Amino acid sequence: MKIAVIGTGYVGLVTGTCLAEVGMEVTCIDIDQRKIDNLKLGILPIYEPGLEEMVVRNTSKNRLYFSTDLAESIKGADVAFIAVGTPPDGDGSADLKHVIAVARAIGRSMNNYMVIVTKSTVPVGTARKVRAAIEEELQIREMPFDFDVASNPEFLKEGAAIDDFLKPDRIVVGIESERAEEIMQRVYKPFLLNGHPIIFMDIPSAEMTKYAANSMLATKISFMNDIANLCEIMGADVNMVRKGIGSDARIGNKFIYPGIGYGGSCFPKDVKALIKTACDNGYEMKILKSVEAVNENQKNVLFNKVYKHFQGDIAGKTFALWGLSFKPKTDDMREAPSLTIIDRLLEAGCHVKAYDPVAMKEAHHILGDKITYANDQYDALIDADALLIVTEWPEFRSPNFNVLSKLMKDRIIFDGRNIYDIKQMQEAGFTYYGIGVKP
Ligand code: UGA
């Protein structure tokens, strides 16, 4: 099969590379010449475990190509995936200008039947707009090519994207014809060997599925954060409560870890966009509005604990931060809770010394000289008044606590991810604060 993927961001690059990995001929297209030149050399614009090797391997086997020439690259393609960005615009809805511009470019240059698939997260009704844009361009050219549009939302998690793509829990495809269904079935057959389903449905339902999935996951997190905060007040331990409820199969034990709020490029944006879509159509998403409010509050919880412990006397103190990315295994700091925590600490006149295994460059880009960057996790602790655990990177889970004790001014840990056991920490002589556990 011949595939074109337009947009070499996170979703586009993973999609194109994984389709090439199973033997398809794939061209990834982007308007950014530098990005394309770098990709040809195996230099990636993002960090994702395993992706670089896969790009290099498939490029060298002549299955994966990179180009800025959309018109040339979509010639003869069976499927064109649109995977360009949909940043939130001023009022919280997804900005579709890139998606529609690509649809128009496809209409201006296609010369055979193909399925044009939106893979970017787009509001319900977008595929219809994509169809209209392509039709308009074909009419101008007086070229009555037949084509189909489809919606194929992506459920990749940053840090686990390759595995998620190669072994998906499910694939959702919104289609409008049997021909498109048959082609999409062929595209995804190599990825369904584990028996997991491809679910075909109408296009609006597929578009809605993506927002409903992310909103449900965000709801689980905010719900657990709310329960965690109440646990603290009532003297309960949320870790126990989590295990207690998670063993009910209807609730499930995944995605119910309390923390310092969800971040990243997806949940905050998608929750906002769904609230907006509903509002524009005369409906109020009351639960999601609360999910958002709880999350904003939760980003402040760790700072509030620090402030309370020191009874407000924090100006001039130095705080070590372990973790800056919004979650482990990524350098992504978009909407990361670390940014709120750092803002609050700096506002209060504190010094921040931070370490992250991969996000240091990204942090420097965003924060400049406002904070100090440590060489490693222990370096961050030298003369620190307390340690704040912000991202649960595996290497933070089992540090040498004797070294910690020696390096820190005072043995105080504010753990925003509950990676340590409160009893063990207290026995080791630390003052320990977790989320949803009574200090
Ligand atoms: C999320 C979804 O999980 C993917 O299925 C989806 O494809 C993707 O968005 C997207 O729309 O593109 P991602 O943003 O990579 O993926 O990150 P997650 O692993 O879902 O984590 C999101 C946030 O929730 C993180 O800040 C994490 O720390 C937080 N979280 C997660 C918790 O606070 N508690 C949990 O139990 C789980």
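Reader: In which kind of crossing, left-handed or right-handed, does helix 9 pass helix 10?

Author: A crossing counts as left-handed if the near helix is turned anticlockwise from the far one by less than a right angle, and as right-handed if clockwise. Here helix 9 passes helix 10 in a right-handed crossing. Please keep in mind that this is a predicted model, where local features need pLDDT of at least 70, side-chain atom pairs count only at pLDDT 80 or more, and totals for chains, interfaces and linings use all residues. Residues are numbered from 1 along each chain as its sequence is written. Helices are DSSP runs (H or I, at least four residues), numbered from the N terminus.

Reader: At what angle do helix 9 and helix 10 pack?

Author: In general, two packed helices are described by the angle between their axes and the distance between the axes. Axes are lines fitted to C-alpha atoms, for helices over the stretch in contact, and angles run from 0 to 180 degrees between N-to-C directions. Helix 9 (residues 203-234) and helix 10 (residues 238-246) pack at about 135°, and their axes are 9 Å apart. That makes helix 9 oblique to helix 10; angles under 35 degrees count as roughly parallel, over 145 as roughly antiparallel, 65 to 115 as roughly perpendicular and the rest as oblique.

Reader: Which residues make the contact of helix 9 with helix 10?

Author: Two residues are in contact if their C-beta atoms, placed from the backbone, lie within 7 Å. Helix 9 brings Met224, Ile227, Ala228 and Cys231, while helix 10 brings Val238, Val241 and Arg242. By class, 6 of these are nonpolar, none polar and 1 charged. Ala, Val, Leu, Ile, Met, Phe, Trp, Tyr, Cys and Pro count as nonpolar, Asp, Glu, Lys and Arg as charged, and the others, Gly among them, as polar.

Reader: How many residues surround the ligand?

Author: A residue is near a molecule if its C-beta atom, placed from the backbone, lies within 6 Å of it. There are 20 residues around the ligand, and the closest are Glu158, Tyr257, Tyr262, Gly264 and Cys266. Helix 9 supplies the largest share of this shell, 3 residues. The shell has 11 nonpolar, 5 polar and 4 charged residues.

Reader: Into which domains is the protein divided?

Author: Domain bounds come from an automatic or database domain assignment. They give domain 1 (2-201), domain 2 (211-297) and domain 3 (299-433). The ligand shell draws at least three residues from each of domain 1 and domain 2.

Methods. Helices (H or I, at least four residues) and strands (E, at least two) are DSSP runs, numbered from the N terminus.
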